[in-house]
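This briefing sets out selected structural features by topic. Please consult the sequence and the coordinates alongside the text.

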Amino acid sequence: MNKKNQELLPPIQDLLLHSGDMVMLERILSVDDEQTLAECIPQAGAWYADHAGNMPAWIGIELMAQAIAAHVGLLKRRQNLPPKQGVLLGTRSYKAQVAAFAANQVLHIKVALAYRDDSGLGAYDCSISNNTGELVNATLKVFEPDDFQSFLQGNPA
């Protein structure tokens with residue numbers, strides 16, 4: 001994506017249904033119909049910081065989930081539709097090469113659509129990298145029901 005298109009991307013807070021310090025991504029770097037690249041810079045004083053001020057690597061699953069939510073939100077925005085609530089169903093394998101992400105280290109979170117069906121079920125191939133290479137990879141499974149409240153109550157959509 002060129003610089004001109006990057007300037008058209010909205011602030012991350014406009015794409016996620018999260019608020020306050022639960023918004024963990026800094027910004028979206030690029031997006032297309034199939035993938036999104038986001039950025040996160042872990043902070044030593046954040047709620048998630050370990051005793052050394054680093055972000056535990058297991059929080060990477062939330063970074064990936066937020067990048068997926070931003071991707072879906074951007075696609076909805078292109079269609080002039082509001083973002084919908086969705087859920088992270090899980091992952092079969094989350095492979096981390098590190099135990100923690102160092103504070104103030106720029107992380108790039110890439111999510112690429114692997115599968116989506118009409119019911120709202122989807123899967124994304126995800127990775128987190130820094131300037132030295134890939135640190136984490138996983139495939140996340142997500143679900144975006146048509147009627148989120150009915151889904152929460154256990155009623156078929």
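Which residues make a nonpolar surface patch of about 270 Å²? The patch is formed by Leu 89, Tyr 115 and Leu 121. The model is predicted, so local features need pLDDT of at least 70 and side-chain atom pairs count only at pLDDT 80 or more, while totals for chains, interfaces and linings use all residues. Residues are numbered from 1 along each chain as its sequence is written, and side-chain values use heavy atoms, with hydrogens and water left out.

**Surface patch**

- Patches are made of residues with over 30% relative accessible area and no salt bridge; like charges are joined within 9 Å, and nonpolar side chains (Val, Leu, Ile, Met, Phe, Trp, Tyr) within 5 Å.
- Accessible areas come from the Shrake-Rupley method with a 1.4 Å probe, and for residues only the protein chains shown count as cover.

**Sheet**

- Six strands form an open sheet in the order S1-S2-S6-S7-S8-S4, with antiparallel pairing; two strands pair if DSSP finds at least two bridges between them.
- S1 and S4 each have a single partner strand and stand at the edges, so one side of each is left without a neighbour in the sheet.
- From one strand to the next, the twist averages 25°; axes are lines fitted to C-alpha atoms, for helices over the stretch in contact, and angles run from 0 to 180 degrees between N-to-C directions.
- S1 and S2 form a hairpin with three residues between them and pair in the antiparallel sense over four bridges.
- Val 31 has Thr 36 in S2 as its bridge partner.
- S4 and S8 run antiparallel and are joined by seven bridges; Gly 90 has Lys 141 in S8 as its bridge partner.

**Helix H2**

- H2 lies across S1, S2, S4, strand S6 (107-116), strand S7 (121-130) and S8, and runs at about 65° to S6.
- Gln 66 is placed in helix H2 and is buried, with a relative accessible area of 1%; buried means under 20% relative accessible area, exposed over 50%, and partly exposed in between (1.4 Å probe, protein chains only).
- Apart from neighbours within four places in sequence, Gln 66 is in contact with Leu 16, His 18, Met 22, Val 23, Met 24 and Leu 25, where contact means heavy atoms within 4.5 Å.

**Salt bridges**

- The whole structure contains three salt bridges, each defined as a side-chain nitrogen of Lys or Arg within 4 Å of a carboxyl oxygen of Asp or Glu.
- Arg 27 forms a salt bridge with Glu 39, with the closest N and O atoms 3.1 Å apart. Arg 27 lies in strand S1 (residues 27-31) and Glu 39 in strand S2 (residues 35-40), so the pair ties together parts that are 12 residues apart in sequence. Arg 27 is partly exposed at 41%, whereas Glu 39 is buried at 9%.
- Asp 33 forms a salt bridge with Arg 78, with the closest N and O atoms 2.7 Å apart. Asp 33 lies in the loop between S1 and S2 and Arg 78 in helix H2 (residues 60-78), so the pair ties together parts that are 45 residues apart in sequence.
- Lys 76 forms a salt bridge with Glu 144, with the closest N and O atoms 3.8 Å apart. Both Lys 76 and Glu 144 are buried.

Methods
Helices (H or I, at least four residues) and strands (E, at least two) are DSSP runs, numbered from the N terminus.
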